[in-house]
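Keep the 3D view open as you read.

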Amino acid sequence: MKSNVRVAVIGGGVVGCSVLYHLTKLGWKDVVLIERRELTAGSTWHAAGGFHTLNADTNIAALQSYTIKLYKELEEISGQSCSLHHVGGIAIATDQDRMDSLKADVAKHRHMGLDTSLITPTEIKQLCLILNTDGILGGLYDPLDGHLDPSGTTHAYAKAARLGGAEIYLRNRVLELNPRSDGTWDVVTEDGTIHAEHVVNAGGLWAREVGEMVGINLPVHAMEHQYLVTDDIPAVYENDGELPHVLDPKGESYLRQEGRGLVIGTYEQACEPWAVDGTPWDFGSELLADKLDRISDSLEMAYHRYPCLAETGLKQVINGPFTFSPDGNPLVGPVPGLRGYWSACAVMAGFSQGGGVGLSLAEWMVEGEPSCNIFGMDVARFGTYCTKPYTRTMVVQYYQKRFSVPFPNEELPAGRPLRTTPAYGLWKEQNAVFGHAFGMEHVNYFAANGEQAYETPTFRRSNAFPIVAQECTVVREAVGINEVHNFGKFEVTGPNAVDWLDTIMAGRIPKPGRISLTPMLSPTGKLIGDFTMARLGDQRMQLTASYGAQAYHMRWFMEHLPETGVQISNISDQRIGFQIAGPKARDLLSRITRADVSNQALPFLQVCEIEIGLVPAIVCRVSYTGGMGYEIYVEPIHQVALYHSLSEAGADLGLRPFGMRAMMSLRLEKSFGSWMREYKPDYTAAETGLDRFINFDKADFIGRETAMAERDNPPARQLVTLIVDADNVDVAGDEPIWRGDQVVGLVTSGGYAHYSKKSVALGFVPRDLARQGEAFEIEILGDKRPAMIETQVLFDPDGRQLRS
């Protein structure tokens, strides 16, 4: 066993072996994998072995496609068979909501290059003769779906890694992980200690325990999962060719052929978390006791859908644990706050995602960043609010909703409310309908008095539509109020703060008392943040960005923080308050302060520290609504007092609260982009138009080379605003943009701009077509709707109200 290595991967399941292989593929040879027993001895060995491309996150779906296409390469390199069965897969729809979901999936696959299609009940029957098509409206067919041998595939990864120079140490449990002062690790095992530059937690069922070795609580939990293997069935083995996979979401089941019989698995409502108090170290190649009574309802529906099941018996019942994160996607990447410690766990669909996880993590380690945006898998998308009970609650909800229709406006209830501001009770008294992000509650809209505080999940315009329109009107014609707590906020201080920010941020550093907008770029020029910088003093800056990205951004800051001269604090929950927006916002503010808030004293993009009502506050003359407005930041203990001052002073001005649904409608009228919609690591500043905020005169900033290159040679696509001829269905994101019979772009986000009374889409089209009036079609739920580029913003096009 080596005593010094570059990378020590902990865990010998399919994910750990994939990471090991991809590290060698990218050129790192001094890498080892440490496994407590044998390869696959966790959840890998008893997996059903299915693989598919469907995922609500398009980037994860693309990585799943990569994983599936990788297997033939693995077989060629390793000489080890994966026993691939590319039989195709069908997801069936038995109601209109599910059919809408499948239409949306097929549409987004068009710009991803995935060859899925909608099929009729007749075509479904032709592909799968054993299936009872009663009540089926249609389905989605994916030719890439299939299954494989879990053990053979894992060993193919392992053998390919060994051929690339890696070593694998079996029957050697890791006992401790001890950090050194230089950021490297001593990996203490039963067979000795290995000094590693990097450690990868691919612990699978033991990922929590490997996290606890370094003092962290990873949001991962195991669930019991059962599937059945039937005896031989004549209707199966007499069929001409192997049957496709079938997913019956309404029946909570999936099915595939296994030899001369079938495998059928369920995601039942009466599910059960496993190993709540910790995974036993001596567990590995065992199964759990059968619990068929727990899945009886699902089996009853399966026997209706596949009548041939009544003709056979059961050969085996598999009940084994699998790990999940709170949202079902993997936990991948550098763990915030720990140098050299990487996560590759909670990979529930290992044979769909394992290759993509291994590729992305290896790229991140070797090249400094993944080649595609994997924020949907990033371990930093969750924070320390994820306690073990919260994680378990969310994992149970995910398991139960595994096959539910993913409505774009649905807010799931589990684990809520968890984190709230002092204003939460004020909003609840006013019949607020809440959403949440990063564990924090925020108002989506305010239901009318007497109405249930609940938004109906739908792909179409919901019951919130008319009330959100009213909220938008108040903001545009009078004055509205909402919270600013759901921005991520950081304070940067120190003698070198400004110089440091000048290299971290691509934009201009504002003068004291002023505000600037800036993109933050990765070394390859990808967008990793869009920030508002408010300079509170010579060496004191407040940074504002997405609340849900605060751990992601803090990790980046800490990775680039100099040893001395700069201090940075995450103050997202310590500096909260309200936004007031609308043409009467200044009138309201002037009533509760003795400070001069005229346009001469507090113009657009100015920041000051004054007293508002009874409390000290930081006031920023800026508003995401695109009109006159102020962001007022105070300490949490002062928030309720500030609210009462504003509320009482604004009563005769028509002050009314508004929520995020209105905010997201209003920003469309100014063509403002949004984090993880228009602005994310898939795109560059020049593609999105954020290059207008870059200071190209600076000698150096992260991502400068790409930004300069794209300034001189503009990229092929450009973000534009389109007005859509919609019919009760607005875009949600990821819809394809058609020009004639070709898909030429994609929608990033959109919705209905209530005050302008137009359906709006933001999206990318070829730069040479990004002109006023250019006509396209956008495919929305299977219907191509006319859309036209609008280059002038819909509200306040000359910025008169914004700057008045």
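Start with how the chain folds back on itself. Among contacts (heavy atoms within 4.5 Å) between residues at least 6 apart in sequence, 72% join residues at least 24 apart. Bear in mind that this is a predicted model, where local features need pLDDT of at least 70 and side-chain atom pairs count only at pLDDT 80 or more, while totals for chains, interfaces and linings use all residues. Residues are numbered from 1 along each chain as its sequence is written, and side-chain values use heavy atoms, with hydrogens and water left out.

Now the overall shape. The C-alpha atoms fill a box of roughly 80 × 65 × 50 Å along the principal axes. For 804 residues, a compact globule would have a radius of gyration near 28 Å, and the chain agrees at 27 Å; that radius is taken over C-alpha atoms, and the globule rule is 2.2 Å times the number of residues to the power 0.38. Of the 804 residues, 61% are buried, where buried means under 20% relative accessible area, exposed over 50% and partly exposed in between (1.4 Å probe, protein chains only).

The chain has 20 helices and 38 strands, which are DSSP runs numbered from the N terminus (helices: H or I, at least four residues; strands: E, at least two). Take helix H17, residues 660-668: seven of its nine residues are buried, including Met-663, Leu-666 and Arg-667. What do the buried residues of H17 pack against? Their partners include helix H12 (465-477) and strands E35 (742-753) and E36 (758-766).

Helix H10 (residues 388-400) is another one to look at. Thr-387 caps the N-terminal end of H10, with a side-chain oxygen 3.2 Å from the backbone nitrogen of Tyr-390. Tyr-390 is itself among the buried residues of H10, as are Met-394 and Tyr-398. The buried residues of H10 pack against strands E12 (221-230), E15 (261-266), E16 (273-274) and E17 (314-324).

Finally, the cysteines. The structure holds zero disulfides, a disulfide being a pair of cysteine sulfur atoms within 2.5 Å. Cys-271 is buried, at 14% relative accessible area. The sulfur of Cys-372 is likewise too far for a bond, 18 Å from its closest cysteine sulfur, in Cys-345, and Cys-372 is partly exposed at 24%.

How values were computed:
The expected span of a helix is 1.5 Å times one less than its number of residues. A polar contact is a pair of N or O atoms within 3.5 Å; within protein, one must be able to donate a hydrogen and the other to accept it, and residues adjacent in sequence count only if both atoms are side-chain atoms.
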